[in-house]
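Let's take a friendly walk through this model, chain by chain and then across the contact. Please keep the structure open as you read.

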Amino acid sequence: MSSPSPITHTLDPAKWIDNYSDYLFRYTIIRINDHEISKDLVQETFFSGLKSAKNFEGKATERTWLISILKRKIIDHYRKKNSKKGQAEVRMNFYNDGENEGDWIEERVPQSWDSEVEKKIENKELQHQIDLCVDKLPKKYAMVFRMKTIQEVDTEVICKELGISSSNLWVIIHRARMQLRKCLEDNWFNN
Amino acid sequence: MFKKLNITCNQATTICDKSQYGEASFFDKIKLQIHFIGCKICVMYTKQNVLLTKLYKSKATNTKRKQDSLCMTHQEKEVLRKELEKQNV
């Protein structure tokens, strides 16, 4: 008895905008957090999709296939040299050699916060400040931080998607949180 | 054995960050507690970090709530539709 032939999916570019633009856009903006860039990446995804349509074998669904193109675009985006956003250098907070290796650098030692901080956390404007501070991080840090902390995506999934190891992820998270802490402190907590 | 339990502030704060997501191992947490005995700075860092986690969690909740309504505008979609039609001839 022969096994039934697997379903072969087809492409229908005329319906891409209606069927997938919202899905792809949302997928992008939660990683990039920028409307214009997300829109551009979705557009590039559709264009690349058209160009490589002849290579579509029909094994995956149209949506899965488009997402795989988009994922590569997103990775390319964050690998690109940091432009205006994400220019902040990653500060070193610990000595990285010598007998003090791993200790806090004196001027980077965390300072105590004023007693009002807990009340300030409830403030809605602070939520916006988080975005401003995350945008100052290097792109890769910003994306890993957003996915892990704001989107609460599993570590394994992020590592797979971005091609990084879990120890690499934790170093990024650690540095991102350090930098954000400083940014929030300068702009909010100590004001 | 004791050497293994001895960690730097850099390692301690990394473990602290990991544990904000509930992903620090039991052994990591023991090392962190031992580090706390001799390091008040990292104790303070941890307390502040817990507050920040609370803040980020509320940000996560608010962001997810708004997320479903994120999309391109009708106009942007129409521009894109025309571009796509041009390419697809």
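What follows is a short report on a predicted model, from the chains to the helix pairs at their contact.

## The two chains

Chain A contains 8 helices and 0 strands, so its pattern along the sequence reads α-α-α-α-α-α-α-α, and its radius of gyration is 21 Å, well over the 16 Å that the globule rule gives for 191 residues, so chain A is more spread out than a compact globule. The C-alpha trace of chain A spans about 70 × 40 × 35 Å along its principal axes.

Chain B has 5 helices and 0 strands, running α-α-α-α-α from the N terminus on. With 89 residues, the globule rule would give chain B 12 Å; the radius of gyration is 23 Å, well over that value, so chain B too is more spread out than a compact globule. Along the principal axes of chain B, its C-alpha trace spans about 70 × 30 × 20 Å.

## Domains of chain A

Chain A is divided into two parts: domain 1 covers residues 13-79 and domain 2 covers residues 106-189. Their C-alpha centres lie 27 Å apart.

How many residues of domain 1 of chain A are in contact with domain 2 of chain A? There are 6, and they meet 9 residues of domain 2. On the domain 1 side, α1 and α3 (62-79) of chain A each supply at least two residues, and α3(A) gives the largest share, with 3 residues. By class, this side of domain 1 has 3 nonpolar, 1 polar and 2 charged residues.

## Where the chains meet

Now to the contact between the chains, which takes 39 residues from chain A and 35 residues from chain B. On the chain A side, the elements giving two or more residues are α1 (16-32), α2 (35-51), α4 (117-120), α5 (124-135), α6 (139-150) and α8 (166-189). The largest share of that side, 8 residues, comes from α1(A). Sorted by class, the residues of chain A that touch chain B are 21 nonpolar, 8 polar and 10 charged.

## α2(A) against α5(B)

Two packed helices are described by the angle between their axes and the distance between the axes. For α2(A) and helix α5 (residues 74-87) of chain B, the angle is about 20° and the axes are 10 Å apart. That angle makes α2(A) roughly parallel to α5(B), and the crossing is right-handed.

Which residues make this contact? From α2(A) come A:K39, A:Q43, A:F46, A:F47 and A:L50, while α5(B) brings B:E76, B:L80, B:E83, B:L84 and B:Q87. Together they amount to 5 nonpolar, 2 polar and 3 charged residues.

## α1(A) against α5(B)

Helix α5(B) also packs with α1(A), here at an angle of about 125° and with the axes 11 Å apart. That makes α1(A) oblique to α5(B). The crossing of this pair is right-handed.

In this contact, A:W16, A:I17 and A:S21 of α1(A) meet B:K77, B:L80, B:R81 and B:L84 of α5(B). The residues involved divide into 4 nonpolar, 1 polar and 2 charged. If you set the two helix pairs side by side, look for B:L80 and B:L84: they take part in the contact with α2(A) and also in the contact with α1(A).

Conventions: Residues are numbered from 1 along each chain as its sequence is written. Chains are lettered from A and ligands numbered from 1 in the order in which they are written. This is a predicted model: local features need pLDDT of at least 70, side-chain atom pairs count only at pLDDT 80 or more; totals for chains, interfaces and linings use all residues. Two residues are in contact if their C-beta atoms, placed from the backbone, lie within 7 Å. Helices (H or I, at least four residues) and strands (E, at least two) are DSSP runs, numbered from the N terminus. Ala, Val, Leu, Ile, Met, Phe, Trp, Tyr, Cys and Pro count as nonpolar, Asp, Glu, Lys and Arg as charged, and the others, Gly among them, as polar. Domain bounds come from an automatic or database domain assignment. Axes are lines fitted to C-alpha atoms, for helices over the stretch in contact, and angles run from 0 to 180 degrees between N-to-C directions. Angles under 35 degrees count as roughly parallel, over 145 as roughly antiparallel, 65 to 115 as roughly perpendicular and the rest as oblique. A crossing is left-handed if the near helix is turned anticlockwise from the far one by less than a right angle, and right-handed if clockwise. The radius of gyration is taken over C-alpha atoms; the globule rule is 2.2 Å times the number of residues to the power 0.38.
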